[in-house]
Amino acid sequence: MATRHDPSTVLERKERQLEPPPMYQVMLLNDDFTPMEFVVGVLQKFFGMGREKATQVMLKVHREGRGVCGVFPRDVASTKVEQVSSYSRQHQHPLQCVMEEA
């Protein structure tokens, strides 16, 4: 059975506003044991930083106790944290990588 369109009815398209997904900062935390050169290598390997930028972030971690490696959607941030943590453990370094909502 076909339905007929009532010509007096006006259809309005409602635009739905999609919220952007929450973003998360991925950070490295300072410790007294992980070599600075290893931290620079991690920043280059997992965050695509050039040597100069990686060195700047490493020094921030060293001086201020933490440094932001990047801002990502939750699933990407979580993967980065796991990759860095696993890589650090494999190399017997206690480097901590954490994420928090930006």
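The model is predicted, and its chain holds three helices and three strands, which follow one another from the N terminus in the order β-α-α-β-α-β.

**Chain as a whole**
- Of the 102 residues in the chain, 30% are buried, and the accessible surface amounts to about 7,700 Å², with 51% of that area belonging to carbon and sulfur atoms.
- Among contacts in the chain with a separation of 6 or more, 71% are between residues 24 or more positions apart.

**Strand β1 and its partners**
- Strand β1, which spans residues 23–29, is mostly covered, in that five of its seven residues are buried.
- Strand β2, made up of residues 66–73, pairs with β1 in the antiparallel sense over seven bridges, and within this pairing Met23 has Pro73 of β2 as its bridge partner.

**Pro22, before β1**
- Pro22 lies in the segment before β1, and this residue counts as partly exposed because its relative accessibility is 39%, a value that falls between the 20% and 50% cut-offs.
- Once neighbours within four places in sequence are set aside, Pro22 is in contact with Phe72, Pro73, Arg74 and Glu101.
- For Arg74, which is 52 residues from Pro22 along the chain, the C-alpha atom is separated from that of Pro22 by 7.1 Å.

Definitions and conventions
Residues numbered from 1 in each chain as written. Predicted model: local features only at pLDDT ≥ 70, side-chain atom pairs only at ≥ 80, totals over all residues. Heavy atoms only, no water. Buried < 20%, exposed > 50% of the residue type's maximum accessible area, 1.4 Å probe, protein only. Helix = DSSP H or I, 4+ residues; strand = E, 2+ residues; numbered from the N terminus. Pairing = 2+ DSSP bridges. Contact = heavy atoms within 4.5 Å. Areas by Shrake-Rupley, 256 points an atom, 1.4 Å probe, with all protein chains shown as cover.
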